[in-house]
Amino acid sequence: MGLIVGLDIGGTTTKIVGFDKRELIGFVRVQASDPFTSASGGLGKFLNVIGKNLSNVDQIHATGVGASQLDGDLFNCRTLVVPEFDCVGLGGLYLADLDEAIVVSMGTGTSIVAARGKKVNHIIGSGVGGGTLQGLAEKMLNIEEFETISGLANQGDLGMVDLTIGDITTAEIPGLTADATASNFGKLQDLARAEDIAAGIVNLVFQSVGTASVLAARLERLDRIVITGNLSLMPLGKKVLDGFSNLYNLTFLIPEHAEFATAVGASIIGNQTL
């Protein structure tokens, strides 16, 4: 089998990777005003980046919310629409080099699947994700750029925003540390800076997703959780999940290229040699 291209098509952003002779190549992201333009422009950019042309493409595997808007084959290349949850699970396992795990895709919202080999089961989804983060930041801080929010959050003090266990009791609570969050935004101070509020927003989103992920891991009797999607790039988010690892004795992993995991899953789905 020749070059297989995987497309993860969002509303306006498409991520593209490819498999060629068992090698993962590409990692291209493009934005456009609509899914079809984003996908077609992304494919062209991807081929330019890897130095190949359409004749080298054997198949295109498309997934994501925008995949349904593809009408037939893309540029006359055989194009298959593949299940998104399967792509999330397979891509997360491949990038983390694991045989089984809970795989979490943090995009506009969040999806959580249990992946064991090539078998993927959707566990639950959540409306809390990147859309939540950007919406709250836009309303509270008049900022919506992902990189700006992340940069501010890295400099924030959660003690100005969140109520902790240590704030409400001096008694020892089994299984919880004094700095564990008792209430997100439960101690928002009048003097809280933009950086503090940004940190509180990031903490709220990642703790919400982390909690659901821990419950899914316990339900499925798995001890490793792979985080994928655009939000996996946030340094403070990783710090929050590291705290969850210690608190709940589970391993949260963010593999290299985690934001491309669903596209990776699309490119390898159905390939029995991998």
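Two strands pair if DSSP finds at least two bridges between them; strands (E, at least two residues) and helices (H or I, at least four residues) are DSSP runs, numbered from the N terminus. This is a predicted model, in which local features need pLDDT of at least 70 and side-chain atom pairs count only at pLDDT 80 or more, while totals for chains, interfaces and linings use all residues. Residues are numbered from 1 along each chain as its sequence is written, and side-chain values use heavy atoms, with hydrogens and water left out.

**Sheet**
- An open sheet of mixed pairing is formed by five strands, in the order S3-S2-S1-S4-S5.
- Strands S3 (23-31) and S5 (79-81) are the edges; each has a single partner strand, so one side of each lacks a neighbour in the sheet.
- From one strand to the next, the twist averages 20 degrees (axes are lines fitted to C-alpha atoms, for helices over the stretch in contact; angles run from 0 to 180 degrees between N-to-C directions).
- S4 (residues 57-63) and S5 run parallel and are joined by three bridges.
- Opposite valine 81 in S5 stands alanine 62.

**Helix on the sheet**
- Helix H1 (residues 35-50) packs on the sheet and touches S1 (3-9), S2 (13-20), S3 and S4 (contact means heavy atoms within 4.5 Å).
- The direction of H1 makes about 135 degrees with that of S3.

**Cysteines**
- The whole structure contains zero disulfides (pairs of cysteine sulfur atoms within 2.5 Å).
- For cysteine 77, the nearest cysteine sulfur is that of cysteine 87, 18 Å away.
- Cysteine 77 counts as buried, at 8% relative accessibility (buried means under 20% relative accessible area, exposed over 50%, partly exposed in between; 1.4 Å probe, protein chains only).
- Cysteine 87 is also buried, at 0%.
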